[in-house]
Amino acid sequence: MSTPSPQRARSAAAKQQRERAILDAAQALGAERSVREVTLTDIAAAVGMHKSAMLRYFETREQIFLALTAEGWEGWSAALRARLSEFTDVTDVTDVTDATNATEVADGDRGTIAAVIAQSLVVRPFFCDLLAQAPLNLERNVSLESVYAFKTVVLGEVAAVAAELCRLLAITERAAVDVIATATSMAGALLQMAAPGTRLRTLYETHPELAHALVDVEPQLTRILTALLNGMPSAER
C-alpha cells in the first residue's frame, strides 16, 4: 500500500511548517553524510514528498542548503559572541607596568581568542561543510534574490562578530573581517581535507607514509589564526 502524498500547504503557517520540515530533513541528511552527497530526491523522500512538490517551497537543493548556511552563520555568530563577551578588553588590563608586558599580555590574549574561534567552528562540522560548499556550489545554482538574502544575513553576522574582535583585540574593523574570513574559509577547507568518517580518512590513518595528509582541524586552525592575529598591529584608539 503506497503512502499518500502530503497535502499542499495552504496557509502561511502551514507553508512555514513544511519549509521547516524540509530544512530539518536536509540538515539531518547532510550531517549524516555530507552536503554534496544529498540530493533533492533524498530530501523529498525524508519528508514524504515528491521531488516536484519540493519546488513549491525551494527552487533547488542548493537553495535549501544555502538557507541552512545562513542559519548556521546566525547560530555560530551568536555562540561565538556569547563566548567572547566573557573576555576583558586588552586595554582594560591593569597589572602591566610597561609596554613590553602590555605586548605580552595582548599576544597571549590573541592566542586565546584564536583558540576560541577555532573551537567554535570545529564543534559545528555541518556548518563547516556548508562553508566549503557555499561559494563553490550553493550560491551558483539559486536566484540572485536568494544570493542577496543570504549575503545580507552573512554580512550582518560578520559585522557583529567583528565588533567583538575590535573591542577585545584593539584591531581595525578591516582586520577583524579578515580574521573572520580566514577562520570560516579555512575551517571549511580543513574539514574537507580531514575527510572525517570517510574511507580516505581510514586510508590516511592506516598508512604511516600518508601521515602528512592527516589533518587535525582545531589545532591547525588555532595556529593559523594565532599567527594572523599576532601579526596584526593594534588600531589607534
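A pocket here is an open set of points, on a 1 Å grid over the protein atoms alone, where a 1.4 Å probe fits, with protein on both sides within 12 Å along at least five of seven lines; lining residues have an atom within 4 Å of a point. This is a predicted model, where local features need pLDDT of at least 70 and side-chain atom pairs count only at pLDDT 80 or more, while totals for chains, interfaces and linings use all residues. Residues are numbered from 1 along each chain as its sequence is written, and side-chain values use heavy atoms, with hydrogens and water left out.

**View 1. The largest pocket holds about 420 Å³ of space.** Its lining counts 17 residues, with Arg33, Ser34, Asp129, Pro196 and Thr198 closest to the centre. By type, the lining splits into seven nonpolar, five polar and five charged residues.

**View 2. The second largest pocket comes in at about 290 Å³.** Here 16 residues form the lining, and Trp73, Leu131, Lys151, Val154 and Thr184 sit nearest the centre. At least two lining residues come from each of α4 (61-84), α6, α7 (144-169) and α8. Eleven of the lining residues are nonpolar, three polar and two charged.

**View 3. Phe65 and its partners.** Skip the neighbours within four places in sequence, and Phe65 is in contact (heavy atoms within 4.5 Å) with Ala26, Val35, Val38, Ile43, Phe126, Leu130 and Leu138.

Terms used. Grid points are joined across faces, edges and corners, and a volume is the space filled by probe spheres set on the points. Ala, Val, Leu, Ile, Met, Phe, Trp, Tyr, Cys and Pro count as nonpolar, Asp, Glu, Lys and Arg as charged, and the others, Gly among them, as polar. Helices (H or I, at least four residues) and strands (E, at least two) are DSSP runs, numbered from the N terminus.
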